[in-house]
Amino acid sequence: MTNSVAEIADNEALFVIGSNTTENHPIIALRMKEAVKKGAKLIVADPRRIPLVKFATLWLRQRPGTDSVLLNAITNAILIEGLEDKEFIAARTEGYADFVQSLESFTPEYGEEITGVPAQDIRQAARIYGSAKNAGIYYAMGITQHVMGTYNVHAVGNLALVTGNVGKRAAGVNPLRGQNNVQGACDMGGLPNVYPGYQKVDDLGVKEKFEKAWGKTLSGRIGLGATEMTGAMLSGQLKGMYIFGENPALSDPNTTHSLKAFANLEFLVVQDIFMTETAQLADVVLPGVSFAEKEGTFTSSERRVQRVRKAVNPPGLAKADLFIIDQIAKRIDGLGDLNATPLPEEIFAEVAALWSSIAGISYGRLEKESLRWPCPTKDHQGTEYLFKESFTRPGGKALFTPVPFVSSKELPDKEYPFVLTTGRELFHYHTGTMTRRSAGLNAVAPEAFVEVNPMDAEAMGLADGQKLTVSSRRGSISLKARVSGIVPPHVVFIPFHYREAAANLLTSDAMDPVCKIMEAKVCAVKLEIT
Amino acid sequence: MINLTINDKAVEVVEGTTVLEAAQQLKIDIPTLCHDPRLKPFGACRLCIVEIGGMAKPVTSCTTPAASGMVVKTNSQKLYRLRRTTVELLLSDHPNDCMTCIGTGDCRLQELAYFYGIRKNRFEGAMRDHNRVDANPFITREQNKCVMCGLCVRVCEEVQGVGAIGYAERGFEAKVIPPFGQDLNCEFCGQCVSVCPTGALSARLWSGKPRMEGVKFTDTTCGYCGCGCNLTLRSHGNQVIRVDSAADNHNRGWLCVKGRFGFDFIGSADRLKTPLIRKEKGGKFESATWDEALDYVAKRMNEIKGKHGPDALAGLCSARCTNEENYLFQKLFRAVIGTNNIDHCARY
């Protein structure tokens, strides 16, 4: 998030697109509801009638996969109405002229044709967002999990830039992070192209810096992304994997394909707290510990670094994950004292010395407070919102990126006439390894379902609660129908938490060419009553 | 700015401040039962009454805006007697079962009874009988213990925006219920449980677990979504028994159903308890010692590295694990194995 959660309540307008916030970020959603109570206008863009729609001034029901066209059309309407922030554009951006030209064809009427959102609603959204003194955009996987996911994010950024809604309080471009520490895992260099702190592995100077710090020769070659690893396993390029606290055998789109890939590995180590679907495929399973059994830090969506503290001892022989990783490193290397385990605070200090944005953060300070990076010095109070003075590009200006119309890879046809979109529900988390083992949560949300619009149900002769087989080109699952106007006609929704009816057996592994995200939000399926 | 005097002390406050808040600025303690600074003032419990010069009767300080020149008294004999009587009336139809009540030690009514030394009650008479069994798996209601402070109703409406519960009946029969007296069918965020000042609302998961004796409090961060809510884990021995969140943190004490009630996976019987090795493809897992497992992993990974080079190995670190673990994991791959084949599930 460029901005912070507490600021949301002070937004004059909010634009939530591709985020089912009340279910997936319930506490962030409270600030949105607070803003609405205080008089803010809320625009929700989602093919589903998500619970947040109840609080919205305007709901745009775009066709799945047409987000960038919707965003372009709104930006176009802002320009038509003269609501752009000329001063901001002149002072703080580049590439505006080309961008304006690229927008020409994205009229509200064209937007209506492609997205299904009435042109007048597109204009109204432009007026609400464009005329607010400060407006924030909030998005999640509904924007990113598409073959044009990178373009979608650019379109979000363009809209914010054109109205000068970046670099100021209670505004911004705010991706909401799905897991407790996605932010931290990225910050710490859990990515194939960057060291900790987003420092590029293929930058010679950076590589030298880390070689010196770690006392090792490093590879300057960008590694494989998670979604590329599947192909590399199948081709035999990858022989061994070490998976720590992840369950790709249930969370990967087109899971059948990934299962084949894992089976092709010579050696797989999985470190987890449960015998997950992925652990079942492993050669070695290492029992790690839950968040309640360890010391460390998590970094939330708003870049807030916070302490995690140990409350109870782990069960059986399970060991702190830091111990396990350290031991494996030392035993592979044949170096280091096996009787010593690094303390979390020492490791944090090591990262802080390598990445200036957290140089001012230490366990000593975190004992009393939580801090949002950038926090470069010991007396720095952390940063509420980013890009106040300049952007992180050479020259300090933000760049407009023209966004062409790109269609989803797999659209419905005669054989597979429905669009499947996937997501989460309030009572479960990701692949359900934790929430499905929490009795209360599993009691109120015990089984998978597929939402089907009443119109489609009637045409099929389908009753609420009846069993359906849902099939795509990649797989087939059987689950109960939930007949509901939450989904529009010809679109069905399945939450992906349930291993016994795993939505990702159906989803497509078509990839965004830039960031290698898979298109989990749109694929074609057929429904059969069983 | 507004200047007023409370208990002979001068205080300056901004416009819109209530007399209660002004007193709190001076660190003057006024008892309350229905007040929560995160919610709108309500004025139900009458415990925060104060005397204001020029006003005929005591007024509730939580609903009275501070005004220039006000002279406020918060601690007279008369106020003490009135407050004591109010607590006595609240207790007159309250089940006197603190010994076995889940709220004991965490109950504002109990504290007030203790503070005013109420052992015998002058107002003996009928007791309410609102009890009913809740079938929902999260929230237990013992409505005989309800003091009608309205905190639960207000938090549900004002903060959560759900409005799952409201007031029904009048007078002695008044109670807080979901529509038509049905069982709760809401988001189960438990905000209502967290603000209840008595044992009227509690969590099913807490039932039968230690209340205060031997309970350890650990401040930490939620392990579910990216909101980063602060949690206080209450544990007893080796078991997490309750999750709370302090009202003065960045999530203001509010949690969702997963954060508040989704913690029993920690003590699940399914937890992995020992390293497991499968020596042959398709074979069975066998328990191993840590040394066996760790050496085996190192040996196999070194073999692959030796035969096919470092880029034949890859790692997935975790968006659910700590910064320190993620750092060490990527360092293992980059510095020890020598590959940048490292990623995690940011895209799922």
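Trainee: Which residues have the most contacts inside the largest nonpolar core?

Mentor: A word on the source comes before the answer. This is a predicted model, in which local features need pLDDT of at least 70 and side-chain atom pairs count only at pLDDT 80 or more, while totals for chains, interfaces and linings use all residues. Residues are numbered from 1 along each chain as its sequence is written, and chains are lettered from A and ligands numbered from 1 in the order in which they are written.

Mentor: A nonpolar core is a set of buried Ala, Val, Leu, Ile, Met, Phe, Trp, Tyr and Cys residues joined through C-beta atoms within 7 Å. A residue is buried if 20 or more other C-beta atoms lie within 10 Å of its own, exposed if 12 or fewer, and partly exposed in between, with C-beta atoms placed from the backbone. Here the largest core has 148 residues, and those with the most contacts inside it are A:L14, A:I43, A:I74, A:Y129, A:V156 and B:C152. Helix α9 (residues 149-162) of chain A gives the most to this core, namely 8 residues. Apart from it lies another core, of 111 residues, which includes A:L224, B:L294, B:A314 and B:A319.

Trainee: How many residues of chain A are in contact with chain B?

Mentor: On the chain A side there are 115 residues, in contact with 100 residues of chain B. Helix α15(A) supplies the largest share of the chain A side, 10 residues. For the classes, Ala, Val, Leu, Ile, Met, Phe, Trp, Tyr, Cys and Pro count as nonpolar, Asp, Glu, Lys and Arg as charged, and the others, Gly among them, as polar. The side of chain A that touches chain B has 64 nonpolar, 31 polar and 20 charged residues.

Trainee: At what angle do the axes of α15 of chain A and α7 of chain B cross?

Mentor: Two packed helices are described by the angle between their axes and the distance between the axes. Axes are lines fitted to C-alpha atoms, for helices over the stretch in contact, and angles run from 0 to 180 degrees between N-to-C directions. The axes of α15 (residues 321-333) of chain A and α7 (residues 290-308) of chain B cross at roughly 50° and come within 9 Å. Angles under 35 degrees count as roughly parallel, over 145 as roughly antiparallel, 65 to 115 as roughly perpendicular and the rest as oblique. The helices α15(A) and α7(B) are therefore oblique to each other.

Mentor: A crossing is left-handed if the near helix is turned anticlockwise from the far one by less than a right angle, and right-handed if clockwise. The crossing of α15(A) and α7(B) is right-handed. In α15(A), the residues A:Q327, A:I328, A:R331 and A:I332 meet B:L294, B:D295, B:V297, B:A298, B:M301 and B:N302 of α7(B). This contact of α15(A) with α7(B) divides into 6 nonpolar, 2 polar and 2 charged residues.

Trainee: Is the crossing of α16(A) and α8(B) left-handed or right-handed?

Mentor: That crossing of α16(A) and α8(B) is left-handed. The axes of α16 (residues 344-354) of chain A and α8 (residues 323-337) of chain B come within 9 Å and cross at roughly 65°, and α16(A) and α8(B) are therefore roughly perpendicular to each other. Here A:P344, A:I347, A:F348 and A:V351 in α16(A) meet B:N323, B:E324, B:Y327 and B:L328 in α8(B). The contact of α16(A) with α8(B) has 6 nonpolar, 1 polar and 1 charged residues.

Trainee: Is B:F188 buried or exposed?

Mentor: B:F188 is buried, because 25 other C-beta atoms lie within 10 Å. Its place is the loop between β8 (175-177) and α5 (191-195) of chain B, and its phi is near 55°, a positive value in a residue other than glycine. B:D8 also has a positive phi, of about 70°, although B:D8 is not a glycine. B:D8 counts as exposed, because it has 8 C-beta neighbours inside 10 Å.

Trainee: Which residues does a cis peptide bond join?

Mentor: A cis peptide bond joins A:W373 and A:P374, with omega about 0°. A:P374 lies in the loop between β14 (371-372) and β15 (398-399) of chain A.

Note on methods
Helices (H or I, at least four residues) and strands (E, at least two) are DSSP runs, numbered from the N terminus. Two residues are in contact if their C-beta atoms, placed from the backbone, lie within 7 Å.
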